[in-house]
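The following note sets out numbered points on the model shown below. Please read them alongside the sequence and the coordinates.

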Amino acid sequence: MAKPKYIESPHAMWELFMKYVQWCKDNSVTTEDFVGGAGKKVTRSYERPLTVSGFRVFSHKQGVTINHYFANTDGAYEEYRTICRAIEDEIRDYQITGGLIGILNSSITQRLNGLTERVDQTSGGERVNNITVEIVRPNED
């Protein structure tokens, strides 16, 4: 007999994700900062960013483990693949858009989403052991 699933349907998974999104909006992150010459203390509030890890933690606190749904462990969660992908895409879009418009740290969002540019312009993928610098001087004729 198959083990019953914590989340009854892909629709229920989406509803759980929407609860997480609302929770992020309702539970901002606050920081303290000191500004000006006198170092006046100010408190700033920021909307909590969406992350896959954050969704996992939120779900766990709701009594639901979602790791197997996203990993599709042993093919047991095949019917959830589309909704899990949609959730990952929603989070990724949020992070990339936030990085592009400057409300999230673009460097971190790039790394989280594998958007770092890797260009090898000199070695053709070969390991570089020595670097030779050639100084070219103009003819002084």
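1. Asparagine 72 is in contact (heavy atoms within 4.5 Å) with Tyr77, Glu78 and Arg81, when its neighbours within four places in sequence are left aside. The residue is placed in the loop between H3 and H4; helices (H or I, at least four residues) and strands (E, at least two) are DSSP runs, numbered from the N terminus. Its relative accessibility is 14%, so asparagine 72 counts as buried, where buried means under 20% relative accessible area, exposed over 50%, and partly exposed in between, with a 1.4 Å probe and protein chains only.

2. On the basis of these values: this is a predicted model, in which local features need pLDDT of at least 70 and side-chain atom pairs count only at pLDDT 80 or more, while totals for chains, interfaces and linings use all residues. Residues are numbered from 1 along each chain as its sequence is written, and side-chain values use heavy atoms, with hydrogens and water left out.

3. Asparagine 72 has a phi near 50°, a positive value in a residue other than glycine. Aspartate 74, which also lies in the loop between H3 and H4, has a phi near 55°, again positive in a residue other than glycine. At 79% relative accessibility, however, aspartate 74 counts as exposed.

4. Which residues of helix H2 are buried? In this helix (residues 52-61), they are Gly54, Phe55, Phe58 and Ser59. Viewed down the axis of H2, the buried residues fall within an arc of 135° and therefore line one face of the helix; the arc is that of the directions from the helix axis to the C-beta atoms. His60 and Lys61, on the other side of H2, are exposed. The cover over the buried residues of H2 includes helix H1 (10-26), helix H3 (67-71) and helix H4 (81-101). Just after H2, glycine 63 takes a positive phi of about 90°.

5. The whole structure contains 10 aromatic pairs; rings of Phe, Tyr and Trp (its six-membered ring) pair if their centres lie within 6.5 Å, and planes under 30 degrees apart count as stacked, over 60 as edge-to-face and the rest as tilted. One of them joins phenylalanine 55 and phenylalanine 70, whose ring centres are 6.2 Å apart with planes at 80°, so the pair is edge-to-face. Phenylalanine 55 lies in helix H2 and phenylalanine 70 in helix H3, so this pair ties together parts that are 15 residues apart in sequence. Both phenylalanine 55 and phenylalanine 70 are buried.

6. For tyrosine 69 and tyrosine 80, the ring centres are 4.9 Å apart and the planes at 75°, so this pair is edge-to-face. Tyrosine 69 is in helix H3 and tyrosine 80 in the loop between H3 and H4, so the pair ties together parts 11 residues apart in sequence. Tyrosine 69 is buried at a relative accessible area of 2%, and tyrosine 80 is buried at 0%.

7. One aromatic cluster is formed by Trp14, Phe17, Tyr20, Trp23, Phe55, Phe58 and Phe70.

8. Strands S1 (residues 29-35) and S2 (residues 40-46) run antiparallel and are joined by 7 bridges; two strands pair if DSSP finds at least two bridges between them. Glutamate 32 has threonine 43 in S2 as its bridge partner. S1 and S2 form a hairpin with 4 residues between them, and glycine 36 in the turn has a positive phi of about 80°.
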